[in-house]
Amino acid sequence: MTKGFWIFDTTADTGLEIYGAGLEEVFHNALRGLFSIISDLEKIEEREETEVKAQGEDWPDLMVTWLNELIFLQDAREWLFKDCYIEELKPYTIRALCKGERFKKGKHRIKTLVKAATYHQAAVKETPQGYRAVVILDV
Amino acid sequence: MGILKKLDDYRWMIPKDYKPGMRVPGIIYAKESMIKDIEKDQSIEQVANAATLSGIVKASLAMPDIHYGYGLPIGGIVATDTSQEGVITPGGVGFDINCGVRLLRTDLTLRDVEPKLKELIDTLYQTVPSGVGSQGPIRIHKSQYREVLRKGASWAIETGYGWKGDLENTESQGCLPGTDPDIISNKAMERGRNQLGTLGSGNHFLEVQVVEEIFQGKLAQAMGLEKGFITVMIHSGSRGFGHQVCTDFLKMMEKALSKYGIKVPDRQLACAPYSSTEGKNYLAAMACAANYAWANRQCLAHWTREAFSKVFGKNPQELGMRQIYDVAHNIVKIEEHKVNGNSLSLAVHRKGATRAFPPGHPELPSHYRETGQPVIIPGDMGRASYLLAGTAKAMEETFGSTCHGAGRILSRHAAKKALRGKSIQEEIDKYGIYARAASKATLVEEVPMAYKDISDVVEVVHRAGIARLVARFRPLGVVKG
């Protein structure tokens, strides 16, 4: 499996382009893409899990809100996620069991503190190969 | 130069007919040699987008440090008429609410500091928490937390972080009125709880500098500066608290768009009328975040003084560590401005722009009445930073505003590439500065060449008359998150 996301740069910020055969895969890969920007995925162990829910007005809004929930958990509660099991995904809500661990000094590093996922050019679209989403992160 | 129409040597116009829905023209302050870089990204489009906002007066403005943002470009200024359905947009402020800069002077000279520079920067690095992979040292109870949000810098001073005199040398005396801690989400409260008194990452920094050149002797003297003396610049904001407030309200404003029948060309420009509940609530929450940021910079300044005291064996008063000023550069404020001879109450959004009030303005403390407001402009960590003063022309042309910093020209990835295999240390050594950072990646991304030359940016605002040059500082050492 390819990693399912691609990180690109805008002048001041960082963009996340996410791919998946289905929408579930896109939301899953979005989590991995986000935490590969914040820290090193390979150093995060799946030791704990927590349920994360988000609600949106449409798919792009749900994607932005999902990422912002994860950013909140990282910034406020020091969560680092590596994976998630999506329990429910429907227009336009998501409920997922997110797996990872809390930040540990010495074991993990914070490469980039992400302030927020923005609505700027946010998109979730169906493509011949599946789905593609784009979100620009304020870092 | 297809879109932009040259008005004079330092102003370029985007005509009102460039895009459907533009209510006013766009005006970008820049010199000809900068235009190519400005045209490279989508920032011109963003200036035009902002010109479609309901209630916008005069023009959608951009400063010479303009670069691509989301919603409004960085370096953008939008003023909306609060009495004429003017809107409030969180995208016109940005995520780091009241990100700003504080400048302290000292009686120390280069000769005093040079032999102890490493010790000083190491001590600052240990004393001033970065908040990257670490929490701040301040633990606050719920009731104290609400006081922080209500009172801003004065909370910090009453708690023992700083001098009373710091307040009058802070924009809005370090406190915006009209706060409402009750409308802050639990998430924002939680995110901000352990981050008070931390520097943050990215372009935030604490820098020890030397006054290298004085442009206006009288102004510099009035502001307490002399060539060869040491200054400290602190660049930080409202941390996770402000980021969460912006996130919360962007989502709320999204819903408000259909409620009020507002159409915006970019979702990140979601907004609501000033008089609406959403607009009023955002202003009250934004004021809480702005006050958090002023309390934050107040704490950072206090520990800076303590670190100096430790290294030089004198108390901060003996070291003459007076605060020159503190400015916000991501904020929306309700201000009175004259437009076409009429005095209007405007919501002035400054996103990567600094207030630059002129001599005689009633908001300035008496000792700055003749000089105009000190305007602190940080540059990249290698080259220079500047102190300017506000002017009457800024009041006439740009709602009393000017530029805020260097402005990025290279993306973070491009910055890494530009090093061409050289280590960041080699690059920094070239400038002769000593740097400590919690994250090496941050240091790489913030390499000086990633930014416009700050000297070009301040030259434009000085020559355009929307601020005047007072002094230039050369960095000696820097602490980064």
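I took helices (H or I, at least four residues) and strands (E, at least two) as DSSP runs, numbered from the N terminus. The model is a predicted one.

Entry on chain A. I looked up the secondary structure and found two helices and eight strands in chain A. I then read the order from the N terminus on, which is β-β-α-β-α-β-β-β-β-β.

I next checked the overall dimensions. The C-alpha atoms of chain A fill a box of roughly 45 × 35 × 30 Å along the principal axes. For 139 residues a compact globule would have a radius of gyration near 14 Å, and chain A agrees, with 14 Å. I noted that 48% of the 139 residues of chain A count as buried. I also looked at contacts in chain A between residues at least 6 apart in sequence; of these, 61% join residues at least 24 apart.

Entry on chain B. How do helix H9 and helix H10 of chain B pack? I found an angle of about 170° between H9 (residues 239–259) and H10 (residues 277–312), with the axes 9 Å apart. Angles over 145 degrees count as roughly antiparallel, and H9(B) and H10(B) are therefore roughly antiparallel to each other.

I listed the residues that make this contact. H9(B) contributes, among others, B:Phe241, B:Val245, B:Phe249, B:Met252 and B:Met253. From H10(B) I noted several, including B:Tyr282, B:Ala285, B:Met286, B:Ala289 and B:Tyr292. The residues of the contact divide into 12 nonpolar, two polar and two charged.

Key
Residues are numbered from 1 along each chain as its sequence is written. Chains are lettered from A and ligands numbered from 1 in the order in which they are written. This is a predicted model: local features need pLDDT of at least 70, side-chain atom pairs count only at pLDDT 80 or more; totals for chains, interfaces and linings use all residues. Axes are lines fitted to C-alpha atoms, for helices over the stretch in contact, and angles run from 0 to 180 degrees between N-to-C directions. Angles under 35 degrees count as roughly parallel, over 145 as roughly antiparallel, 65 to 115 as roughly perpendicular and the rest as oblique. Two residues are in contact if their C-beta atoms, placed from the backbone, lie within 7 Å. Ala, Val, Leu, Ile, Met, Phe, Trp, Tyr, Cys and Pro count as nonpolar, Asp, Glu, Lys and Arg as charged, and the others, Gly among them, as polar. The radius of gyration is taken over C-alpha atoms; the globule rule is 2.2 Å times the number of residues to the power 0.38. A residue is buried if 20 or more other C-beta atoms lie within 10 Å of its own, exposed if 12 or fewer, and partly exposed in between; C-beta atoms are placed from the backbone.
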